[in-house]
Amino acid sequence: MSATPMEAGLDPRIETLVDRQTVIGRIDEMAGFLIDHYVDQNPLYIASQKGAMPFSTHLLQSVERQAQGINPELDMVVVKTYNDQRQA
């Protein structure tokens with residue numbers, strides 16, 4: 001039995017749409033897809049923005065857990081906007 005948001009120390013106004021185990025399971029499925037398509041390669045994954053790093057880290061950890069012979073690398077780019085301008 002899982003804890004209520006209040007028991008877990010979460011704001012009770014926040015509704016959980018997808019539980020942690022479902023997200024982890026889907027990440028593992030995505031890792032399997034990457035393994036099937038990039039086995040024996042060294043792909044470079046690029047996360048856009050800092051917020052993507054936790055997801056990207058979980059994904060690549062899952063790849064490394066599930067497969068031998070795939071050596072992924074991870075890098076990050078930060079995109080900056082300049083108000084409403086379309087050019088930097």
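Colleague: Is Arg-65 buried or exposed?

Modeller: Arg-65 is exposed, with a relative accessible area of 58%, where buried means under 20% relative accessible area, exposed over 50%, and partly exposed in between, using a 1.4 Å probe and protein chains only. This is a predicted model, in which local features need pLDDT of at least 70 and side-chain atom pairs count only at pLDDT 80 or more, while totals for chains, interfaces and linings use all residues. Residues are numbered from 1 along each chain as its sequence is written, and side-chain values use heavy atoms, with hydrogens and water left out.

Colleague: Which residue does Arg-65 form a salt bridge with?

Modeller: Arg-65 forms a salt bridge with Asp-28, and their closest N and O atoms are 3.3 Å apart; the term stands for a side-chain nitrogen of Lys or Arg within 4 Å of a carboxyl oxygen of Asp or Glu. Arg-65 lies in helix 2 and Asp-28 in helix 1, so the pair ties together parts that are 37 residues apart in sequence. Helices (H or I, at least four residues) and strands (E, at least two) are DSSP runs, numbered from the N terminus. Asp-28 itself counts as partly exposed, at 27% relative accessibility.

Colleague: How many salt bridges are found in the whole structure?

Modeller: The search finds two. Glu-29 forms a salt bridge with Arg-26, with the closest N and O atoms 3.2 Å apart, and both residues lie in helix 1, three residues apart, which is about one turn of the helix. Glu-29 counts as exposed at 52%, whereas Arg-26 is partly exposed at 46%.

Colleague: Why can such side chains pair?

Modeller: Side chains of opposite charge can pair when their charged atoms come close.

Colleague: Changing topic, which residues make up the largest nonpolar core?

Modeller: That core has ten residues, among them Ile-27, Leu-34, Tyr-45 and Val-63; a nonpolar core is a set of buried Ala, Val, Leu, Ile, Met, Phe, Trp, Tyr and Cys residues joined through side-chain atoms within 4.5 Å. Helix 1 and helix 2 (53-66) each supply at least two residues of this core, and helix 1 gives the most, with four residues.

Colleague: And what is Ile-27 in contact with, leaving aside its neighbours within four places in sequence?

Modeller: Ile-27 is then in contact (heavy atoms within 4.5 Å) with Phe-55, His-58, Leu-59 and Ser-62.

Colleague: Last one, what pattern does the chain follow along the sequence?

Modeller: The protein chain reads α-β-α-β, with two helices and two strands.
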